[in-house]
Amino acid sequence: MKIGVVRFPGTNCDRDVYKWLQDQGHQPQFYWHEDLFSSQEVEALVLPGGFSFGDYLRSGAVAARSPIMNSVKEVANQGKPVLGICNGFQILCEAGLLPGALIPNSGGEFIDDWAELKSPSTKQLIQLPIAHGDGRYFIHEEDRKKLWDQNQVWWQYTQMLNGSVDQIAGVTNLSGNVRGLMPHPERAYQDWMGGIDGWKFWI
Amino acid sequence: MKTWFIRILPRAEVLDVQGRTVLQMLNHNQLPFSNVRVGKLIELTADQEISNPEAVLKKALALGLYNPLVEVAVIE
Amino acid sequence: MEILDLTLDKTLQEKLKKYRLRISEYELMKNLLKREPRSIEWALFSALWSEHCSYKSSKIHLKKFAWKHPRVLTAEGENAGVVDLGENERIAFKMESHNHPSFIEPFHGAATGVGGILRDIFTMGARPIAIADYLCFGEAEAPRMKTLMKRVVKGISYYGNCVGVPTVTGATYAMPEYNQNILVNAFALGLFENNRKVTVSSAQGIGNLVVYVGAKTGSDGVHGASMASEAFTEDMESKRPTVQIGDPFYEKLLIEACLEILDQDLVVAMQDMGAAGLTSSSFEMASKGKVGLRLQLDQVPLRDSRLGPEEILLSESQERMLLVCEPSKLEAIQKVFAHWGLESTPIGQVVAGREIELLWKNEILTKIDPDLLVENAPMYQRPYSKLKIKNEIQYPGKKPTSDSKKWIYRQYDQRVGLRTMQEAGHPVALVRLESGRALSIALGCRPWLMKQDPVVGAYDTIFEPSIKMVCSGAWPVAITDCLNFGNPENPEIMSEFVASVEAIAHSARLWDAPVISGNVSFYNETEGQSIPSTPATGVVGLKQKNSFPVHDYFVKENLKVVTISLDEPQNFDPEKIVKSAKTLFELIEKGRVSSARLITEKGLQHTLDMMSIQNFKCNITFEVNFKSLYNVVLAFESQFENEIKNTFPDHFIVQGQTVPSSVPFDLSAKIIQFSKTWGVS
C-alpha cells in the first residue's frame with residue numbers, strides 16, 4: 001500500500017516507521033508538515049513518534065496546528081487508515097481526530113520499557129516497547145463511557161504504567177479508521193529487536 | 001479561605017526554548033508578538049488566615065518551587 | 001593559585017582575574033603580540049588559553065596516544081576520531097566532560113553536555129546513533145546530592161530523548177570523595193551513512209564565505225566562571241546567566257540540516273561552536289587551514305541586541321555551527337536551513353595571509369595571527385614521578401556503587417533508531433549496523449580501584465569494558481577517554497595523570513584498539529580537596545554478523561556453569577590477561593559458550609542473580625572471595641566441558657549447573673529469540 005509518513009520539525013521516529021512499512025512490503029512516502037498533499041496520493045497515513053516542536057507548550061500542540069493537518073483530516077474523512085504512534089497519537093488528539101488527551105505520566109518521569117498490551121475485544125496479548133513522558137491517557141467520564149460503548153478502546157496496558165484512565169494505551173475514532181497508540185510497533189518487528197508483535201500489527 | 005498566586009517565568013536573559021518555539025509559531029501565523037516566555041502559575045490556598053503571607057510564601061519558594069538560577073518568581 | 005603581586009597595577013590585576021589569566025601568561029601574550037594586548041585580545045586569549053581549550057597541562061602527555069593505525073582515518077586534532085570498520089562502514093566517537101556546569105545547574109549542565117558531544121560527532125558528517133554517560137556522584141546524604149543525581153539524569157534524558165538518539169549504556173559510581181565535585185561525562189557515537197565523506201574543520205579557499213548557522217547568539221556563558229562563586233539572591237534578573245541552556249529540538253533540526261548540506265556536498269569545512277563559541281571555532285578553522293579570515297561580528301544573528309563584539313566572541317549559546325563554503329553554494333545552504341527553520345548568515349570571508357581580522361561595523365578591532373593563540377598556548381611541564389603497580393587490591397567491603405541503576409536508564413529512550421540489540425541494563429550495549437555486524441559499547445573506570453592502585457586502575461579502565469564485550473562476543477576496535485583529575489599542579493595528581501595516560505596507551509596497543517579522541521578535565525577540586533583520579537574511557541568493539549549467540553544471562557537448563565579467572569591474584573600482567581581474553585573470545589566465537597558474564601565487585605551471587613532474569617538460574621549458592629580481578633561466569637553444554645577445561649586448565653574456580661527457575665517471567669528483561677546463528681532476520 002502507498003502510505004504517507006508525516007514529518008514535523010522534531011519528529012524522530014520517521015525513518016524507523018519508514019523502514020517498518022517498507023520491510024512489510026508497503027511503499028512509504030515522506031510528507032513535510034508545511035506541504036499539503038492530495039489525499040488521492042495515499043492509501044493510508046502514519047504520524048510517527050518523536051518530539052514535534054520539542055513537545056513545547058504541550059506534546060503535539062503546535063504540530064496539530066500545522067498546515068499538513070488539513071490533508072491529514074481529508075484522508076481521515078475518506079475513511080482511509082490513519083495511525084498515530086506516540087507523538088503521532090498526541091497530535092491526533094490535539095487535532096480533534098481522536099478523543100481524549102495525553103498528559104504527563106503520573107510518576108512524573110519519562111518511561112522506557114516493554115509493555116504488555118491486551119486487546120479488549122479479542123483478548124489477545126502482545127508486547128511492545130514504550131518510550132514516553134506524556135503517555136497518560138485522559139478523557140472525561142461521560143466520554144469515557146461512550147468510548148467503551150462504541151468499541152473505541154483499541155489496546156490496554158495489562159499493568160498500571162503511567163496513570164492512563166482504564167490503562168488505555170490506544171484508541172480509535174468512531175468509524176475505526178483513525179487509530180492512536182502510545183507504544184511503538186515499529187520497534188518490535190524483527191527477532192533481534194526483542195519481539196515481533198509489531199510485524200503486520202496495523203495493515 | 002485565601003488564595004495566592006506565584007508567577008514563575010524563565011529569567012529574561014536565559015534562553016526560553018518553549019517561548020522561542022511558540023513565538024515562531026505565532027509569527028508564522030501573522031500574529032505580531034515580539035517575545036514570548038512560557039512559565040507556570042502556582043496557586044496556593046490556605047483555609048485559615050495567614051498573618052504575614054509574604055514571608056510564608058517566600059519560605060515556600062525557598063523550598064524549590066522555582067530554580068533561582070534560571071527562573072524568576074513573582075508573588076501576586 | 002598564583003598570588004597576584006600587590007605592586008601590580010590594579011586594573012591589570014582586575015583584568016587577570018576577569019579573564020582568568022596568570023601574570024606569566026600575560027607576559028607571554030605581550031611577547032607574542034610584541035605590544036600590549038588590546039581589550040578584545042584579552043577576551044580571545046582568555047577563551048583559547050583556558051585549560052579546557054588549550055590542554056596546556058596535558059598536551060605533552062597526550063601525545064603518547066598517537067598511533068598511526070590503519071583503521072583510524074583522522075589526523076590528530078580533529079573533533080572526534082574516525083574509525084574505518086571495513087564494508088563501507090565508518091564511525092566517529094568521542095567523550096567529553098561537563099563537570100563544573102553540572103554541579104552548578106545539574107539539569108541544564110548535563111543536557112548541554114550531551115548537546116555538545118553530539119555536535120562534535122555530526123560536525124564531521126556522522127549521524128549520532130548512540131549516547132552513553134559516565135557519572136560519579138557523592139553520598140546520597142551529602143548536601144544537594146539527591147537533587148544533583150535526579151536532575152543530571154533528567155537533563156540527559158530530556159536532551160537525548162528529544163534529539164532522537166538512544167542512550168544505550170553508562171556507568172554510575174557514588175563515593176564520598178565526589179561530594180563536592182560530581183562528574184558528568186557524555187559519550188556519543190555516530191555513523192557515516194550512505195558513504196558520506198568525513199568533513200574537515202580546516203578552512204580553505206580564498207574568497208570562500210564563512211557562514212554562521214543554527215540558533216541566534218545570546219549572552220549565555222559569557223564570563224561564566226567569575227560569576228559562579230557569587231551567592232545567589234532573589235533579584236538576579238539583571239545579572240548575566242551563568243547557565244547555558246540547550247535546546248534539543250533545535251539540535252535535532254541542526255543535525256538534519258547539517259547532514260543534508262553535507263550530503264549535497266555544499267560545504268568546504270565545518271566546526272561546531274562549543275566552548276569559547278565563535279572564538280575557538282573560527283580560530284581553529286583558520287589555524288588548521290593555514291588561512292586568514294575576515295569576520296564581521298556585527299553580522300552575527302543576535303537574540304539580545306545589547307551584545308557587543310567581546311560578548312559575541314565569548315558567548316557559549318548552544319546549537320550553533322560555523323562553516324566555510326564557496327560563494328556559489330550559499331543559496332543552496334540557506335534554502336536547507338530555511339526549510340529547517342534555522343539561521344544561516346554569512347559573517348565573513350576566507351582571505352589571503354595568515355591573520356584573522358575582526359570587524360565591528362567596519363571598524364577593525366584587531367588583526368591577529370590565530371597561531372599565536374592556537375599553536376602557542378603555553379604548554380606546562382608539570383612535575384610528576386613514575387608510579388608502579390602496587391599489587392595490593394582489596395575488594396571494597398561495602399557496595400561501592402548504588403544498587404540498581406534501573407531508575408536511571410528507564411528514563412532514557414533506548415530504542416529510537418532501530419539499532420539497539422542490547423540496551424542499558426546489560427553489561428555492554430550492542431548497536432546494529434547495516435552489514436548485520438554490531439558495535440559494542442561500554443564505559444570504563446572504577447574509582448574505588450583507582451584509589452587503591454592508580455596504575456592497575458588505569459589499565460582497568462580499558463580492561464574491564466573490553467572483557468565485558470568479549471563476553472558478548474565482540475572485540476574492541478577503538479577507544480576514547482575523558483580524563484577527570486584534580487589539580488595538575490599537585491605532583492601526586494600529575495603522577496597519576498601521567499600513569500593513566502601511559503597505561504591507557506599501553507592497553508590500546510595490547511587490545512589493538514587505538515585511542516582516537518578524548519578530553520581532559522582538570523581542577524576537579526573544592527577547597528584543596530580533589531576527586532580521586534578518574535580517567536573514564538569509552539571502548540567500542542565489533543561483533544561479527546552471523547556469530548554464535550552468547551548471552552549475559554542463562555537461557556537453558558542443564559548447562560554446566562563454571563567461573564574462570566583471566567588474571568592471577570596480586571600479579572597484574574596486562575599482556576597475559578589480554579592473551580587469556582583472546583582465548584575466551586575464540587571459544588565464544590566457536591559457539592562453545594551459551595552464557596558469559598564478568599563477575600562484578602558485588603560478588604558471585606549478585607552476578608548469578610543478574611543472570612537469572614529469564615526462567616533459568618544456577619545452583620551455586622555460596623559466595624566466593626575472589627583474589628583475582630577478572631573472573632567470568634561461563635555456562636555451556638556439557639559436551640564442551642573437556643574442551644573448555646583444557647583451554648583454561650588452571651583457572652576453574654567453581655562448578656555448577658543451570659536449573660529452571662521458579663521466578664516469574666520478568667517482562668522488562670527482554671529475551672532475544674534463541675536462534676542458531678545470531679543476527680539473521
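How much area do chain C and chain A bury between them, and what percentage of it is on carbon and sulfur atoms? I read about 3200 Å², with 56% of it on carbon and sulfur atoms; buried area is the accessible area (1.4 Å probe) that two parts lose on being put together, summed over both.

I note the conventions here. This is a predicted model, in which local features need pLDDT of at least 70 and side-chain atom pairs count only at pLDDT 80 or more, while totals for chains, interfaces and linings use all residues. Residues are numbered from 1 along each chain as its sequence is written, chains are lettered from A and ligands numbered from 1 in the order in which they are written, and side-chain values use heavy atoms, with hydrogens and water left out.

**Interface of C and A**

I looked up the contacts (heavy atoms within 4.5 Å): 39 residues of chain C touch 33 residues of chain A. Five salt bridges cross this interface, by the rule of a side-chain nitrogen of Lys or Arg within 4 Å of a carboxyl oxygen of Asp or Glu. One of them pairs Arg15(A) with Glu193(C), with 2.7 Å between the closest N and O atoms.

On the chain C side, α8 (145–163), α10 (248–263), α15 (406–409) and β13 (420–422) each give at least two residues; helices (H or I, at least four residues) and strands (E, at least two) are DSSP runs, numbered from the N terminus. The largest share, six residues, is from α8(C).

**Salt bridges overall**

I find 58 salt bridges over all chains. Asp166(A) and Arg144(A) form one at 2.5 Å, N to O. Asp166(A) sits in the loop between β9 (153–157) and β10 (168–172) of chain A, and Arg144(A) in helix α4 (residues 141–149), 22 residues apart.

**Helix packing in chain C**

Which helix axes come within 7 Å? Those of α17 (residues 454–471) and α18 of chain C do, crossing at roughly 35 degrees. Axes are lines fitted to C-alpha atoms, for helices over the stretch in contact, and angles run from 0 to 180 degrees between N-to-C directions. Among the residues that meet are Phe463(C) of α17(C) and Trp511(C) of α18(C).

I then checked α18 (residues 491–511) against α19 (residues 574–589) of chain C, where the angle is about 35 degrees and the axes are 10 Å apart. His506(C), Leu510(C) and Trp511(C) of α18(C) contact Pro574(C), Glu575(C), Val578(C) and Ala581(C) of α19(C).
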